[in-house]
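This note is for a colleague opening the model for the first time. Please read the points below with the structure in view.

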2 protein chains.
Amino acid sequence: MQQYSEKKYFHLPEPLPLWRGGALETVTLAYETWGELSPDRDNAILVLHALTGDSHAAGRRGPEDTKGGWWDPLIGPGRAFDTDRYFVICSNVIGGCQGSTGPASIGLSTGRPYALSFPQVTIQDMVRAQRALVTSLGIEKLACVTGGSIGGQQALEWAIRYPDAVEGALIFGASERIGPQAIGFNAIGRGAIMLDPAWMQGAYEPEQGPDVGLGLARKIAMITYQSQESMWARFGREPVSRPVAPSPFGQEFDVESYLEYQGVSLARRFDANSYLYLTRAMDLYDAVEGFESEEDALSRVRARTMHVGISSDWLYPAADVQATAQKLRALGKESRYCELESIHGHDAFLKEWEAMIRIVREYISELEPRAGGESGCTRMRWSVG
Amino acid sequence: MQQYSEKKYFHLPEPLPLWRGGALETVTLAYETWGELSPDRDNAILVLHALTGDSHAAGRRGPEDTKGGWWDPLIGPGRAFDTDRYFVICSNVIGGCQGSTGPASIGLSTGRPYALSFPQVTIQDMVRAQRALVTSLGIEKLACVTGGSIGGQQALEWAIRYPDAVEGALIFGASERIGPQAIGFNAIGRGAIMLDPAWMQGAYEPEQGPDVGLGLARKIAMITYQSQESMWARFGREPVSRPVAPSPFGQEFDVESYLEYQGVSLARRFDANSYLYLTRAMDLYDAVEGFESEEDALSRVRARTMHVGISSDWLYPAADVQATAQKLRALGKESRYCELESIHGHDAFLKEWEAMIRIVREYISELEPRAGGESGCTRMRWSVG
């Protein structure tokens, strides 16, 4: 009875003009869908992934896929994003390495991987490519765009850039821009990749990339996705129990072997050059860029937006998430803020399933026409056990 | 009229037994002093430096030394640590690279730098070596031990390990142990050094060390020494104004060139192997290690201790600093907590001079016998403009 989720490919019919100039000649987006598009084509939900995520947001790809998609507890028949009612789409971003065009793709003119000749793509470009995909599926207006982290920034960008194409935007742990601390950590991660001799100025062969450097970048990121409190709770100062990879200064503490494991895991599945491009896209994004003012940008929004801050998030601090909601409200928009109380830091949108399900259900129910008064998430704080 | 501060060297008369086993055959400590030891030898203050610090806490070393010592605003004639009244000593830690025995020192038996054959030294070992220095100067009891960060942890270790030798301990931004987040960042910094091909398993020649890797480690550390707020205030998302070192993904933002500059600067003055050993010593320190219990360790203290937490410190969070003071008080000790309100994060003890001067003056005045009631720092919070 199990239906497997299948990766599909969309080839943009035209070159994609880029936000920072130039164009990408040929662009492919890898995507997956769940549920059926309604005859009125008004039930589509676009799900947008985080930095190293992919199109596999839900379901299983086959019998070996025991883990399922990264938002699987949220998406499916009868789930919060109910695929009995909604047509859910998730596409891998351009610049990525999981089926969409990125630096590991073969350049038309050279017949070799782009590597560093790939142009710097931005959040704006990712959204523009997604728009082409959505249009190609016959959808003029999305019922909802949603995502966390840079996926949330893409949802915000959709609401600003294509106001007529978005009915609702549900944004987790994302604000209009990141701060200098996050930019600094991204720069250090890139520095680690480029320091690895296997990087070879980006011209490494497939499977021979800078795994150690990419692993270090991942370790830094993994710390920023968690919190002091969650790391104390999970690792404390426990001595190492399962050392990974011997090294002269390797692994006295459990947290060190955990990070090592995380670094090795990402290096197995992710392209180092993609990591360089995508973290830079994260640095560069500013929702206001290209507009006269913040008011000019935000006043374009017509979607009902819900902004979910995570109490212990220090990569996209809750106060910044809240500030966007407040600015939209001040402009008369139907925008609300909701705080997810969690010790899990930025990653809470991938961990706190009970709270996430409640938030999504409530938001989705409000997108649907129904009787009754306003249900009040604005001041609600869901505590998570 | 200017008197220059001179680096002196103390050679331990005997091998130094080490906390984690083994011994260092020959140990030299580089140190500097200011002021004169009183005939009663009761006016000595031992100042202990942070991770990459050195013995040059005060004064100038010569006409080219325009910057002065790292605590110069606090130490000198008429200053908070008044060298007209006190004899101030600061020594470079063992494991370091600024005159004291460390991995760059020549091993007796091999005639070559120790490099990775240097044993893992600990905070306990650093303090034991300092104790030998202090005793050699004819001092049985220090009027005060003081320092910030791992210097503060050394001050705490002095108070626990040598209760009869310490009248007072003034501890800035330091607690009984660091947490898994800080351990993780240290491990990543070490990983960057060891990834640098110039590291050569630690066997690099002088001046040919892994500068890029050490620079990356420094960049991570520099972020942990600051705060979200201070980085927003100082760098925001300003574009780069003075790019340092070209690179394919180099420096779009001001914060990136700042970090690059900090990395390059440390690599010029610091030994990468020392950085490996000293960060590991920071990870390993737990004030309770070797005692039956925390109560067993802390109940040894006889000094009047003052613990200064920094409101925006996330490397040694203020709550952890306060917890140590509270535990000591609960054991009937003369221990107080004071919070330095600052946006500058951990580094505030090297930046907030006005508040630091007030704290040191108040603490020192209380060490001296005088009439009058108790002056209340415990609940005081100094705001800094």
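The model discussed is a predicted one.

1. Overall make-up of chain A. Chain A holds 10 helices and 13 strands. Its radius of gyration is 20 Å, close to the 21 Å that the globule rule gives for 385 residues, so chain A is as compact as a globular protein of that length. Along the principal axes, the C-alpha atoms of chain A fill a box of roughly 65 × 55 × 55 Å.

2. Burial and contact range in chain A. Of its 385 residues, 58% count as buried. Take the contacts in chain A between residues at least 6 apart in sequence: 70% of these join residues at least 24 apart.

3. A position in helix H10. Ile359(A) lies in helix H10 of chain A, which covers residues 353-367. Is Ile359(A) buried or exposed? Ile359(A) counts as buried because it has 23 C-beta neighbours inside 10 Å, where 20 or more are needed. Leaving aside residues up to four places away in sequence, Ile359(A) touches Val308(A), Cys338(A) and Leu340(A). Glu6(A) is 353 residues from Ile359(A) in sequence, and their C-alpha atoms are 28 Å apart in space.

4. Helices H1 and H2 of chain A. Helix H1 (residues 123-136) and helix H2 (residues 150-161) of chain A have axes that come within 9 Å and cross at roughly 70 degrees. H1(A) is therefore roughly perpendicular to H2(A), as angles of 65 to 115 degrees are classed that way. The crossing in which H1(A) passes H2(A) is right-handed. On the H1(A) side, the contact involves Ile123(A), Gln124(A), Met126(A) and Val127(A). They meet Ile150(A), Gln153(A), Gln154(A), Glu157(A), Trp158(A) and Arg161(A) in H2(A). Sorted by class, the residues of this contact are 5 nonpolar, 3 polar and 2 charged.

5. The contact between the chains. How many residues of chain A are in contact with chain B? There are 43 of them, and they contact 44 residues of chain B. Five helices of chain A each supply at least two residues to the side that touches chain B: H3 (180-195), H4 (211-224), H5 (228-234), H6 (254-269) and H7 (272-284). H3(A) gives the largest share of that side, with 12 residues. By class, the side of chain A that touches chain B has 25 nonpolar, 8 polar and 10 charged residues.

6. The axes of H6(A) and helix H3 of chain B (residues 180-195) come within 9 Å and cross at roughly 55 degrees. At that angle H6(A) counts as oblique to H3(B). H6(A) passes H3(B) in a right-handed crossing. Val255(A), Glu256(A) and Leu259(A) of H6(A) meet Pro180(B), Ile183(B), Gly184(B) and Ala187(B) of H3(B). This contact of H6(A) with H3(B) divides into 5 nonpolar residues, 1 polar and 1 charged.

7. A helix pair within chain B. H3(B) also pairs with helix H7 of chain B (residues 272-284): their axes come within 10 Å and cross at roughly 160 degrees. H3(B) is therefore roughly antiparallel to H7(B), the class for angles over 145 degrees. The crossing of H3(B) and H7(B) is left-handed. H3(B) contributes Ile183(B), Asn186(B), Gly189(B), Arg190(B) and Ile193(B) to the contact. H7(B) contributes Ala272(B), Tyr275(B), Leu276(B), Thr279(B), Met282(B) and Asp283(B). The residues of the contact divide into 6 nonpolar, 3 polar and 2 charged.

8. Glu207(A) is not a glycine, although its phi is positive, at about 70 degrees. Where is Glu207(A) placed? Glu207(A) sits in the loop between H3 and H4 of chain A. With 7 C-beta neighbours inside 10 Å, Glu207(A) counts as exposed.

9. A positive phi in chain B. Ser149(B) is not a glycine either, and its phi is positive at about 60 degrees. Ser149(B) is in the loop between strand E9 (144-148) and helix H2 (150-161) of chain B. Ser149(B) is buried, with 27 other C-beta atoms within 10 Å, whereas Glu207(A) is exposed.

Technical notes
Residues are numbered from 1 along each chain as its sequence is written. Chains are lettered from A and ligands numbered from 1 in the order in which they are written. This is a predicted model: local features need pLDDT of at least 70, side-chain atom pairs count only at pLDDT 80 or more; totals for chains, interfaces and linings use all residues. Two residues are in contact if their C-beta atoms, placed from the backbone, lie within 7 Å. Helices (H or I, at least four residues) and strands (E, at least two) are DSSP runs, numbered from the N terminus. Ala, Val, Leu, Ile, Met, Phe, Trp, Tyr, Cys and Pro count as nonpolar, Asp, Glu, Lys and Arg as charged, and the others, Gly among them, as polar. A residue is buried if 20 or more other C-beta atoms lie within 10 Å of its own, exposed if 12 or fewer, and partly exposed in between; C-beta atoms are placed from the backbone. The radius of gyration is taken over C-alpha atoms; the globule rule is 2.2 Å times the number of residues to the power 0.38. Axes are lines fitted to C-alpha atoms, for helices over the stretch in contact, and angles run from 0 to 180 degrees between N-to-C directions. Angles under 35 degrees count as roughly parallel, over 145 as roughly antiparallel, 65 to 115 as roughly perpendicular and the rest as oblique. A crossing is left-handed if the near helix is turned anticlockwise from the far one by less than a right angle, and right-handed if clockwise.
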